[in-house]
Every structure is written in structure tokens, then in C-alpha cells.
Amino acid sequence: MTSNLLNHQIDDILGSVLEDATGDVYMVNPSRDAIEEFVSVATDFDGDLPSVHMLADERTLKDVMDDFIVASNAADLISAESLALRTLDEAPENSLLVTDDRVVAIVHAGDRVGGLVTDDDGFVDDTYETYEAHWEDAEAFNLRTPPITDVRDTLSEEISPDAEADFTAILDSLETARGDGDGLDEVTISLLVAAKNEALLYDISKWGEDVGIASKATFSRTKTKLEDMGLIDTEKVPIDVGRPRLRLKIGDDRLREANNGQLATVAQSILN
């Protein structure tokens with residue numbers, strides 16, 4: 001065993017493995033932080049990504065993928081066939097990165113992270129074959145979040161380029177998008193963007209359902225909540241046939257005066 005990756009951060013270890021890998025990579029029993037860091041590193045990776053087979057605890061995956069920012073970028077990687085997710089029935093004692101020429105055991109010691117590496121041919125071959133077999137038997141993890149590329153492209157096409165730019169700016173200003181008090185969820189962000197751009201509720205909710213963010217009913221319930229709290233307003237827009245549609249508008253002066261970088265912060269302060 002060698003320790004040439006010792007004392008690095010987890011993102012450094014992941015980046016090193018991705019850069020050096022020549023074939024498939026098995027990422028086994030990653031922690032919540034490791035999954036988040038992997039998605040970040042892989043999303044920003046400059047070069048050809050290997051195909052990463054992530055075998056993770058189902059509860060951990062669900063918890064991490066509740067964050068729209070992480071999940072939508074992971075969905076992009078899956079769409080590009082750079083990532084596949086399956087669940088572990090029994091987790092090994094360590095977190096591992098396994099390639100065709102080395103095994104890296106991730107060791108946490110307080111705030112320090114070590115990547116303990118072996119390139120012993122026999123051990124590497126046995127370990128690779130073991131997790132190759134585990135992968136074949138594992139159940140796929142169903143990630144229902146749409147790829148962020150699809151979200152942005154369709155938002156630009158179906159609502160407006162300005163709405164897409166606002167959506168992206170708000171996401172970029174957030175560390176997490178969960179809607180649990182630490183961040184706005186994707187439906188709230190979409191409705192705030194729609195209100196800022198005075199789009200129709202029908203249009204933004206239809207877009208959201210079509211792209212896979214949430215149902216029209218969820219958009220409607222969230223609109224009512226935001227309207228009751230004074231964040232957004234609506235006005236009726238007559239149509240030739242049927243009930244009038246609702247145009248969304250910003251309802252709070254603090255939001256109206258905020259730029260995109262501040263919009264999320266101001267909205268969270270009002271919601272909380």
C-alpha cells in the first residue's frame with residue numbers, strides 16, 4: 001500500500017482517479033460528501049470522463065439527490081453515460097475507488113482525508129472482478145430529476161432566454177436547492193423566475209411538468225403558498241375560450257429590487 005494521495009481533500013482524490021482512469025471506475029459505498037463532491041468534480045471535469053459505476057447506500061443516495069442542484073447535474077452525467085447509479089445491499093467497511101489498475105481506499109480522520117492506494121496486480125484484479133459481479137446483481141437507482149441541460153434548454157425555448165438566465169443565476173447563488181430551510185426548492189425557484197419575467201402560470205407549470213420537475217398540481221399549490229405569503233401576485237389574462245389564465249408577477253418590493261444574486265437570499269429570508 002502507498003499513500004501518495006494522503007492528506008488531500010476528497011475532490012483532489014476523485015479528480016486524480018478520473019484523470020488517470022483508462023476504463024470503467026467503480027465507486028463503492030461513497031459517503032454523502034463524496035457523492036456531492038464527485039458530481040461537482042465530474043461536472044467541471046475538463047476532458048473525457050471514464051464511465052463511473054456508483055454503488056451506494058440507497059438511503060444516502062436519496063438524501064443527496066433531494067438537492068436539485070446535485071441531482072440535476074448527476075442526471076446530466078447519466079445522460080452523457082458518464083455515470084450510472086445502483087444500490088448496495090450490504091456496504092463494505094470502507095469507501096473504495098476501483099479502476100483496472102489500482103484500488104483506492106478512502107479513509108477519514110477528523111477533517112483529514114486519505115486515499116490509500118494499492119496497484120498490486122493480483123489484488124486489483126480480484127477487487128475489480130468482485131465489484132463487477134456486485135454491479136451486475138445490484139438494483140438500479142431511479143433518479144427522477146431531469147438533467148440540468150434539458151431544464152435550461154427547454155426553459156429558454158418555452159418561457160424565454162431571460163427566464164433561463166435568471167434561473168441559472170439563482171441556482172448559482174445557492175449552495176443547495178432542497179426547500180428544507182437551507183435552500184429554495186426547484187418549484188419555488190421556477191415560480192419566482194416566472195414572476196420576475198411575468199410569465200403565465202399555465203406556461204411555467206406545463207413546462208415544469210413536461211420537463212420532469214414537478215406536476216402542475218405541485219406548481220399550483222406552491223403558487224398559492226407564495227401568493228399567500230406575498231412573494232408573488234397574479235393577474236387574470238382573458239383568453240378566447242375558457243377560464244382566464246393567470247400572469248405571475250413579483251409581489252414583494254424587496255424581491256422586486258433584488259438582483260438575481262440576491263433574489264434567493266431575500267426570498268429565503270421572507271419564507272423563513
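Visitor: Is Val117 buried or exposed?

Guide: Val117 is buried. Its relative accessible area is 5%, and the cut-off for buried is under 20%. Keep in mind that this is a predicted model. Val117 sits in strand S6, which covers residues 112-118. Now look for Leu96. Val117 and Leu96 are 21 residues apart in sequence. In space, their C-alpha atoms are 9.9 Å apart.

Next, step back to the whole protein. Of its 272 residues, 47% are buried. The secondary structure comes to twelve helices and nine strands. The C-alpha atoms fill a box of roughly 75 × 35 × 30 Å along the principal axes. Now take the contacts with a separation of 6 or more. Residues 24 or more positions apart account for 68% of them.

For contrast, go to Glu139. Glu139 lies in strand S7, residues 139-140. Glu139 counts as exposed because its relative accessibility is 61%. Set aside its neighbours within four places in sequence, and Glu139 is in contact with Arg86 and Thr87. Ser190 is another matter. Glu139 and Ser190 are 51 residues apart along the chain, and 32 Å separates their C-alpha atoms.

Now for the helices. Begin with H4, residues 68-79. H4 has twelve residues. From its first C-alpha to its last, H4 reaches 16 Å. That is close to the 16 Å expected at 1.5 Å a residue. H4 is mostly covered, with nine of its twelve residues buried. Phe68, Ile69, Val70, Ala71 and Ser72 are among them. Asn73, Ala74, Ala75 and Leu77 are buried in H4 too. What covers these residues? The cover includes H2, helix H3 (58-64) and strand S3 (83-87). Helices H6 (148-158), H7 (161-173) and H8 (186-196) are also part of it.

Take H2 from that list. Helix H2 runs over residues 32-43. The axes of H2 and H4 come within 10 Å and cross at roughly 55 degrees. That angle makes H2 oblique to H4. The crossing of H2 past H4 is left-handed. From H2, the contact uses Glu36, Phe38, Val39, Ala42 and Thr43. From H4, it uses Val70, Asn73, Ala74 and Leu77. By type, these contact residues are six nonpolar, two polar and one charged. Look at how such numbers are spaced along a helix. An α-helix has 3.6 residues a turn, so residues three or four places apart point the same way.

H2 also packs against helix H1, residues 10-20. Their axes are 9 Å apart, at an angle of about 50 degrees. That makes H1 oblique to H2. The crossing of H1 and H2 is right-handed. On the H1 side, the residues are Ile10, Asp11, Leu14, Gly15 and Leu18. They meet Ala34, Glu37, Phe38, Val41 and Ala42 in H2. The contact of H1 with H2 divides into seven nonpolar residues, one polar and two charged.

Asn29 lies in the loop between strand S1 (25-28) and H2. Asn29 counts as buried because its relative accessibility is 16%. Its phi is near 55 degrees, a positive value in a residue other than glycine. Most residues other than glycine have a negative phi.

Now go back to H8, part of the cover over H4. H8 also packs with helix H10, residues 216-228. The angle between H8 and H10 is about 70 degrees, and their axes are 10 Å apart. That makes H8 roughly perpendicular to H10. This crossing is right-handed. Val187, Thr188, Ser190 and Leu191 come from H8. Their partners in H10 are Thr218, Phe219, Thr222, Lys223 and Leu226.

Finish in the loop between H8 and helix H9 (201-211), where Glu198 is placed. Glu198 is partly exposed, with a relative accessible area of 39%. Its phi is near 50 degrees, again a positive value in a residue other than glycine.

Terms used:
Residues numbered from 1 in each chain as written. Predicted model: local features only at pLDDT ≥ 70, side-chain atom pairs only at ≥ 80, totals over all residues. Heavy atoms only, no water. Axes fitted to C-alpha atoms, helices over the stretch in contact; angles between N-to-C directions. Helix = DSSP H or I, 4+ residues; strand = E, 2+ residues; numbered from the N terminus. Parallel < 35°, antiparallel > 145°, perpendicular 65-115°, else oblique. Left-handed = near helix turned anticlockwise from the far one by under 90°. Contact = heavy atoms within 4.5 Å. Nonpolar A, V, L, I, M, F, W, Y, C, P; charged D, E, K, R; others polar. Expected span 1.5 Å × (residues − 1). Buried < 20%, exposed > 50% of the residue type's maximum accessible area, 1.4 Å probe, protein only.
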